[in-house]
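Me: Got a model open here. Can you walk me through some of the packing?

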Amino acid sequence: MSCAPSISIKTVRRNIRQILAQLTSKEPITAVAWADEFFKLSPESSYTSGDWETDPFQIAILNAMGCDDVHEIYLYKGARIGYTKMLLAAMFYLIEHKRRNVGFWREDDKAIEKFVATELDHALRDCKKLHPIFPSVGKKGPGNTVNLKTFIGATLRCQGGQSAGNYRGDSVDVAIGDEINAFVTNLQGKSGKEGSPWPLMFKRTNGSAWPKKILGTTPTKTGESHIERLSKKANHHLRFHLPCPHCGEEQHLEWTSREASYGFKWDNRDPDTARYRCRSCGDDFTHSDYLELARQGIWKDPDTGVWTRNGLDYFDHRNQPIRARRICFYVPGYLSTRDPWRNMVQRWYDDKDDPLTRQAFFNTDLGVDYTPATGEKLDHSLLIDRRERWMAQVPAGGLYLTSFTDVQTSSRLETTTVAWGEEEEYWVLDHVIHPGDPSQQEVWNNLEKYLRQPWMHESGVELRISRMGVDTGGHNWDEVIDFASRFPPHQVIPCKGSSVYGDPIANYHKTTKGKNIGTWLCHIGTDSGKETMFSRYKQPRQGTGPQPRYMHLPIADWCNEKWAKQATNAIKVLVDNGRKLQFVFKMRSSTEGDEALDCLVGNLAMIRLSKQMFALDLKTLAQSMQQLIKGKAQRTNKPRRSRAGRVTGGV
Ligand SMILES: [Zn+2]
């Protein structure tokens, strides 16, 4: 009789299987291919159970989750996009195919328990591919608890993210945070608060040969949103682009305002007519068209042109291959293939009037953080405090002069003159008011005299204003066009403000409509200009040398509290126009006026226009200024005096 310990044949077979599973070298396979073959949808947590099939828009996301080259993934997710399933499939792939140790966090212990009970355990049961390396499948024990699943060659740790202790322990290869906007901002540790959870979570992947972080969430409120801050670390902000079935123009779908020429459209509050209007040709396509078009979709950063089709290979805008380490996906709910757009339009009408449900619509259908109306204002003392004493009318760094004149119907012209240096460092030289009725010639004559005067540069060289913008805003179009004809072409620029948020600061073109068809006109994106100006106001002075984009102000009579209040008299407000939240600038105080700010923005438009349309190069100008100064110095050493040199750029 044999005395060998009795092991059942079944156990022996299982052990052999497990060892083989570990030893067998595998054909590389992508996360999508793996998931399509092995991942299953569990009946308890899915509308349809059975085989998983990756949707076209999910392909790049799921592959990126499984790909070693992509180190950080941030994700804004709407509802019904299958995110939890993608995450489970990616985790299983990383564990089974790549034997990675995975750490998974939710906002607290309760959330993690629920996730394990309602999603993870069912998915582990139904994904048979994992069973050979998961001995404890279906039975609780030390290798299969809520917080720890032990596989052969890998572990999966699931933790609540509310306390610092839950971020300590063994290192992992992959750190996953789900619903990260629900996480605390300041962790509770044993000895008090320990700050943000993310550095601790990220630290857990230190030392891994394949460190990876995946952080996704349904958005919440702007300013209180973890993903808003974290996603700034991403280098590529990818949106799902598809070709228009009519004109072929590649575009990502946007929820726009009712007036917009493109976006989701429907008739008479009827969700059944929901469709998408192409931004290029204006033709419509439906959700079922979308299902077809999505097969040709790519993920692309609309700002840089960087794109990927499969989430593994990335290209720049010239289609040259690049490495993408940190990426952010924006996945609004309307990309869902299972939720037709008619449902979204119906929810819009159901949700839009109650602030709470309205936020939910923005978060889950549009996949964006919600911003209730707020404003940003600037203190005028920011400007008063920066005034400095100059040695000449135009300090040494100022090279190219522009002016902008604001026309106040029936009362006055207000003009600001600015000297620009290298890299748009600028000195506001003067702000002057010419009183008088702009429909009469006298005030224009005074302006002409002002604009033609020389300005003494610190070097002793005389400068002239090279580009002069004049607002045609009110009722004085004819006078402005007349006035411009007193100067060489393109020196005085008729301007018109455009307050569509996001418009370019300067857009110079011939008019195509109206009685003055064919006249050159500069459209000034006033909101973009104000935004730029405000960010420059906030820039502190660093040292005493050149400082790109810094605004210098003089100690001068005009540069007083009244002017500073006008120059800061705007407030950025988020306005709800009925369909869409959008930023606009509004006057903060209607009693103080904002002519000073308009004139500064106008000058910014003039320098931009000079650079873009008239090839102004401030660097070259700086060099010629140096030579001129040198030449002048040599001449003044001679006994006979010579006329001061002149420098004008542009035309
Ligand atoms: Zn089109």
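Predicted model: local features only at pLDDT ≥ 70, side-chain atom pairs only at ≥ 80, totals over all residues.

Me: How do the axes of helix 9 and helix 10 cross, and within what distance do they come?

Reply: The axes of helix 9 and helix 10 (residues 355–365) come within 8 Å and cross at roughly 155°. So helix 9 is roughly antiparallel to helix 10, a label for angles over 145 degrees. Axes are lines fitted to C-alpha atoms, over the stretch in contact for helices, with angles from 0 to 180 degrees between N-to-C directions. Helices here are DSSP runs of H or I, at least four residues, and strands are runs of E, at least two, numbered from the N terminus.

Me: Which residues of helix 9 meet helix 10?

Reply: Met344, Arg347, Trp348 and Asp351. Across from them in helix 10 are Thr357, Arg358, Ala360, Phe361 and Asp365. Contact means C-beta atoms, placed from the backbone, within 7 Å.

Me: And by class?

Reply: Four nonpolar, one polar and four charged residues. Nonpolar covers Ala, Val, Leu, Ile, Met, Phe, Trp, Tyr, Cys and Pro; charged is Asp, Glu, Lys and Arg; the others, Gly among them, are polar.

Me: What else does helix 9 lie across?

Reply: Helix 9 (residues 341–351) lies across strand 13 and strand 14, running at about 115° to strand 14.

Me: What's the strand order in that sheet?

Reply: The order is 13-14-15, an open sheet of three strands with antiparallel pairing. Strands pair if DSSP finds at least two bridges between them. Strand 13 (263–267) and strand 15 (284–285) are the edges, each pairing on one side only.

Me: How many bridges join strand 13 to strand 14?

Reply: Four. Lys265 stands opposite Arg275, and Phe264 stands opposite Tyr276. Tyr276 also has a bridge partner in strand 15, Phe285.

Me: What about the hairpin turns?

Reply: Strand 13 and strand 14 have two residues between them, and Asn268 in that turn has a positive phi of about 45°. The hairpin of strand 14 and strand 15 has six residues between the strands, with Gly282 at a positive phi near 80°.

Me: Switching topic. At what angle do helix 14 and helix 16 cross?

Reply: Roughly 95°, with the axes of helix 14 (residues 526–537) and helix 16 (residues 595–614) coming within 9 Å. That makes helix 14 roughly perpendicular to helix 16, the label for 65 to 115 degrees.

Conventions. Residues numbered from 1 in each chain as written. Parallel < 35°, antiparallel > 145°, perpendicular 65-115°, else oblique. Contact = placed C-beta atoms within 7 Å.
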